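Here is a structure to examine.

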Amino acid sequence: MRIDIVKNKIELGRASANFVSEAVAKKPRMVLGLPTGNTPLLMYKDLVHLHKNGLFDAPQVTTFNLDEYYGLSLRDRQSYAYFMKNMFFKYVEVLESHIPNGLIPKEKVEEYCGSYERLIAASGGLDITVLGIGGDGHIAFNEPGSSFSSRTRLVELSAQTIKDNSEPFIKAKKKMPTLAITMGIATIMESRTIMLLASRKSKADILKRALEGPVTEDVPASILQTHKNVIIIADEEAASKLAKKGR
Ligand code: PGA
């Protein structure tokens with residue numbers, strides 16, 4: 001496992017954007033797994049900046065987002081579809097982009113999730129998947145207790161995730177969904193490369209548990225210890241509790 005520690009969130013954005021843009025330059029028909037959240041926001045800002053300066057283009061790239069709130073769509077400002085459109089796709093054209101559809105009726109969700117998996121497989125599989133880490137150790141919305149063999153499915157958000165992610169919903173005076181559609185842990189682990197981003201002091205404890213603690217379904221991100229090609233980019237605050245620093 002490679003652990004790159006950068007000074008702050010600005011450098012984290014730059015380092016992760018450079019990693020993606022260099023990989024896409026080498027393999028233009030790249031298939032990316034993409035996250036949302038405050039941490040990856042910095043990566044998107046930098047990718048858009050690179051794009052505006054003629055240093056990043058993705059016309060042959062296919063993207064699959066990790067997750068979406070159940071019940072929300074592009075029309076909701078708190079949805080991940082809205083986030084992706086406004087932070088990235090509005091600026092950077094890709095060949096195809098896929099985001100789990102949060103409006104699929106309950107009785108069709110299982111079939112829909114199977115089709116999301118098949119679409120990933122048909123595209124050749126994920127080359128690079130970018131992840132954030134939840135305060136509870138989740139990757140995508142695979143909350144503590146999620147099976148390491150899980151696939152794309154409807155899940156319940158943990159109490160901690162509901163608390164951590166509630167701010168935009170409180171501001172908008174909207175009820176926050178308690179369910180989401182997420183790629184599974186097995187889906188993510190099949191990605192050829194995984195890059196996990198962690199920023200801020202609030203992630204220091206969970207990052208240590210994920211990278212240096214036992215591999216357990218109680219800490220979903222701990223499974224990354226078993227992946228052959230994983231790179232962690234953490235800022236100094238998030239990395240502050242790690243015993244093993246650097247590569
Ligand atoms: P954050 O979210 O970047 O907003 O902290 C990370 C996550 O929940 O995956």
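Q: Which residue does Thr62 stand opposite in β5?
A: Thr62 stands opposite Glu96. This is a predicted model, in which local features need pLDDT of at least 70, side-chain atom pairs count only at pLDDT 80 or more, and totals for chains, interfaces and linings use all residues. Residues are numbered from 1 along each chain as its sequence is written, and side-chain values use heavy atoms, with hydrogens and water left out.

Q: What makes β3 and β5 a pair?
A: Two strands pair if DSSP finds at least two bridges between them. Strand β3 (residues 58–65) and β5 have 4 bridges, in the parallel sense. Strands here are DSSP runs of E, at least two residues; helices are runs of H or I, at least four; both are numbered from the N terminus.

Q: In what order do the 7 strands of the open sheet come?
A: The order is β1-β10-β9-β6-β2-β3-β5, with parallel pairing. β1 (2–6) and β5 (94–98) each have a single partner strand, so they stand at the edges. From one strand to the next, the twist averages 20°.

Q: Why are α1 and α2 called oblique to each other?
A: Helix α1 (residues 9–26) and α2 pack at about 60°, their axes 7 Å apart. Axes are lines fitted to C-alpha atoms, for helices over the stretch in contact, and angles run from 0 to 180 degrees between N-to-C directions. Under 35 degrees is roughly parallel, over 145 roughly antiparallel, 65 to 115 roughly perpendicular, and the rest oblique. The two helices are therefore oblique.

Q: Why is α3 described as largely enclosed by the rest of the structure?
A: Buried means under 20% relative accessible area, exposed over 50%, partly exposed in between (1.4 Å probe, protein chains only). In α3, 7 of the 10 residues are buried, so the helix is largely enclosed. Among them are Tyr80, Phe83 and Asn86. The buried residues pack against β2, α2, β3, β4 (67–69) and β5.

Key: Contact = heavy atoms within 4.5 Å.
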